[in-house]
Amino acid sequence: MADAPFESPQPSDAELWRGVEATVRNVLLPALTDDWARAAAVQLVGLARYAQRRPADPTGARAAEVAGVLDLLAHNKLVA
């Protein structure tokens with residue numbers, strides 16, 4: 001009986017950002033002595049936290065909505 005090939009599931013975006021946050025907070029930040037570098041690292045931690053929780057990109061839905069409205073206006077003599 002042949003074993004099925006091992007397939008590792010891809011991490012989600014949130015999981016990737018959690019890894020970035022943990023690395024910056026637990027590895028880089030403690031090693032930094034320069035105040036400005038520490039401030040930048042703290043900002044990166046905040047950015048990583050935001051990225052984990054931000055909503056999905058609405059661009060596709062917005063574009064579809066605009067396209068639908070434009071289609072409705074195509075037969076309007078004042079617009080067309």
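Colleague: What is the mean pLDDT of the protein chain?
Modeller: pLDDT is the predictor's confidence in each residue, from 0 to 100. Where pLDDT is low, the predicted coordinates should not be read in detail. In this chain 94% of residues reach 70 or more, and the mean is 90.

Colleague: How many helices and strands does the protein chain have?
Modeller: Helices (H or I, at least four residues) and strands (E, at least two) are DSSP runs, numbered from the N terminus. From that end the elements run α-α-α. The totals are zero strands and three helices.

Colleague: In which helix is confidence highest?
Modeller: Helix α3, residues 59–73, has the lowest confidence, at a mean of 93. The highest, at 96, belongs to α2.

Colleague: What radius of gyration does the protein chain have, against that of a compact globule?
Modeller: The radius is taken over C-alpha atoms, and the globule rule is 2.2 Å times the number of residues to the power 0.38. For 80 residues a compact globule would come out near 12 Å. The C-alpha atoms here fill a box of roughly 65 × 60 × 15 Å along the principal axes. The radius of gyration of the chain is 23 Å.

Colleague: What share of the 80 residues counts as buried?
Modeller: Buried means under 20% relative accessible area, exposed over 50%, and partly exposed in between (1.4 Å probe, protein chains only). The chain exposes about 7100 Å², of which carbon and sulfur atoms supply 61%. The buried share of the residues is 10%.

Colleague: Is Glu 21 buried or exposed?
Modeller: Glu 21 sits in helix α1, which covers residues 13–31. Contact means heavy atoms within 4.5 Å; leaving aside neighbours within four places in sequence, Glu 21 contacts Val 45, Ala 48, Arg 49 and Gln 52. Because its relative accessibility is 7%, Glu 21 counts as buried.

Colleague: Which residues does Gln 52 contact, leaving aside neighbours within four places in sequence?
Modeller: Gln 52 lies in helix α2, residues 35–53. With a relative accessible area of 14%, Gln 52 is buried. Its contacts are Ala 14, Trp 17, Arg 18 and Glu 21.

Colleague: How many salt bridges are there?
Modeller: A salt bridge is a side-chain nitrogen of Lys or Arg within 4 Å of a carboxyl oxygen of Asp or Glu. One of them joins Arg 25 and Glu 21 at 3.3 Å, N to O; both residues lie in helix α1, four residues apart, about one turn of the helix. The count is two.

Colleague: Which residues form the salt-bridge network?
Modeller: Glu 21 also meets Arg 49 in a salt bridge, at 2.7 Å, N to O. Glu 21 is in helix α1 and Arg 49 in helix α2, so this pair ties together parts 28 residues apart in sequence. Salt bridges that share partners make one network of Glu 21, Arg 25 and Arg 49.

Colleague: Which residues does Arg 38 touch, not counting those up to four places away in sequence?
Modeller: Arg 38 is in helix α2 and is partly exposed, at 32% relative accessibility. Its C-alpha atom is separated by 49 Å from that of Val 69, 31 residues apart along the chain. The residues touched are Leu 29, Pro 30, Leu 32 and Thr 33.

Colleague: What is the area of the nonpolar surface patch that includes Leu 78?
Modeller: Patches are made of residues with over 30% relative accessible area and no salt bridge: like charges are joined within 9 Å, nonpolar side chains (Val, Leu, Ile, Met, Phe, Trp, Tyr) within 5 Å. Leu 78 is in the segment after α3 and is exposed, with a relative accessible area of 84%. Accessible areas come from the Shrake-Rupley method with a 1.4 Å probe; for residues, only the protein chains shown count as cover. Together with Val 66, Val 69, Leu 70, Leu 73 and Val 79, Leu 78 makes a patch of about 580 Å².

Terms used: Residues numbered from 1 in each chain as written. Heavy atoms only, no water.
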